[in-house]
Amino acid sequence: MTWLRDWSHGEETAVRVLCLPPAGAAAHVYRSWAGLLPREIGVVAVELPGHGSRLGEPLPTTMEAVLGPLCEEASALTDRPLAVFGHSMGATLGAELCRAMRRETGRTPQMLIAAACEAPRALPRKDYTPWLTGQGTLDFLTRMGGTPRELLANDEYLDMILPVLRADLTLLAGPRPEDDRPLDCPVRVYLGEHDTGVQPHRAAAWEAESNGDHAVHTFPAGHFFVQERTHDVLARLRADLTPLLHGPPVAVPQT
């Protein structure tokens, strides 16, 4: 697989979690989850072009460039119950991926978990354009927190990360598919109590994107609570996945 990194445990996997990283990050931020979650929960992460192990590839700057090929690979994961987990930009992409899979395959993942992200279809739409200049992207990186001060002062690091981050923000600022129907699945929203980049009333708009089964969980940290409170987040994730683990058996096609 080109777009996916699969760290699940083969036939032991009862449910998969497809993880999408935040802007500027790569699939490896979820690598440790495979050893922290029960083996029946398979961890698969998205590696976008130009990120992580795909650094030599052109960076995508439109959602259209991502959704088609990602949907094709992600659809192969639906032989078992599938939850989509996205952090920040990853949550926006995750919601659009769920819609794309519904359009292309007629099958929606069984759950979307949106972390540290306002509902992408909330109106008025969030404006990313102030962050698309060189200084604007640096301001965004500083505002979000999570980056050590010494790295923010390291020109070599900034030369590496800022083009990736700017491409991701350009993608978020650009057009999205016209399909704005609610998702055919539950939505769980994870928020950082001290995350100044996410407005609670706009995060609450995720309810309108769900199938009516919607819940919000808050963690005592900032925008990067997924990394800062990993064990708490994974405990919550295990609890939210319980219905998928213990629901009716899913038939696996024979090859």
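Figure 1. Trp131 is classed as buried, its relative accessibility being 12%. The structure shown in this and the following views is a predicted model. Tyr128 is likewise assigned as buried, with a relative accessible area of 10%. The ring centres of Tyr128 and Trp131 lie 6.0 Å apart with the planes at 65 degrees, and the pair is therefore edge-to-face.

**Figure 2. The aromatic pair of Phe85 and Tyr190.** A pair of aromatic rings is described by the distance of the centres and the angle of the planes. The count of aromatic pairs comes to eight. Phe85 and Tyr190 form an edge-to-face pair, with 6.2 Å from centre to centre and 65 degrees between the planes. This pair links distant parts of the chain, since Phe85 belongs to strand β4 (residues 82-87) and Tyr190 to strand β6 (residues 187-192), 105 residues apart. Phe85 is buried at a relative accessible area of 0%, and Tyr190 is buried with a value of 0%. Ring pairs also join Phe85 and Tyr190 to a cluster that includes Tyr30, Trp33, Phe219 and Phe225.

**Figure 3. Packing of helix α2 against helix α3.** Helix α2 (residues 63-74) packs against helix α3 (residues 89-105) at an angle of about 60 degrees, and their axes are 9 Å apart. This angle makes α2 oblique to α3. The crossing of α2 past α3 is right-handed. On the α2 side, the contact is made by Met63, Val66, Leu67, Leu70, Cys71 and Ala74, which meet Thr92, Leu93, Glu96, Leu97, Ala100, Met101 and Glu104 of α3. The residues of this contact comprise 10 nonpolar, one polar and two charged.

**Figure 4. Backbone geometry in the loop between β5 and α4.** Most residues other than glycine have a negative phi, and most peptide bonds are trans. The peptide bond from Leu123 to Pro124 is cis, with omega near -5 degrees. Pro124 is located in the loop between β5 (111-115) and α4 (134-144). Ala116 is also found in the loop between β5 and α4. Although not a glycine, Ala116 has a positive phi of about 55 degrees. Ala116 is buried, with a relative accessible area of 2%.

**Figure 5. Backbone geometry at Ser88.** Ser88 is found in the loop between β4 and α3. Its phi is positive, at about 60 degrees, although Ser88 is not a glycine. The relative accessible area of Ser88 is 14%, so Ser88 is buried.

Conventions
Residues are numbered from 1 along each chain as its sequence is written. This is a predicted model: local features need pLDDT of at least 70, side-chain atom pairs count only at pLDDT 80 or more; totals for chains, interfaces and linings use all residues. Side-chain values use heavy atoms; hydrogens and water are left out. Axes are lines fitted to C-alpha atoms, for helices over the stretch in contact, and angles run from 0 to 180 degrees between N-to-C directions. Helices (H or I, at least four residues) and strands (E, at least two) are DSSP runs, numbered from the N terminus. Angles under 35 degrees count as roughly parallel, over 145 as roughly antiparallel, 65 to 115 as roughly perpendicular and the rest as oblique. A crossing is left-handed if the near helix is turned anticlockwise from the far one by less than a right angle, and right-handed if clockwise. Contact means heavy atoms within 4.5 Å. Ala, Val, Leu, Ile, Met, Phe, Trp, Tyr, Cys and Pro count as nonpolar, Asp, Glu, Lys and Arg as charged, and the others, Gly among them, as polar. Rings of Phe, Tyr and Trp (its six-membered ring) pair if their centres lie within 6.5 Å; planes under 30 degrees apart count as stacked, over 60 as edge-to-face and the rest as tilted. Buried means under 20% relative accessible area, exposed over 50%, partly exposed in between (1.4 Å probe, protein chains only).
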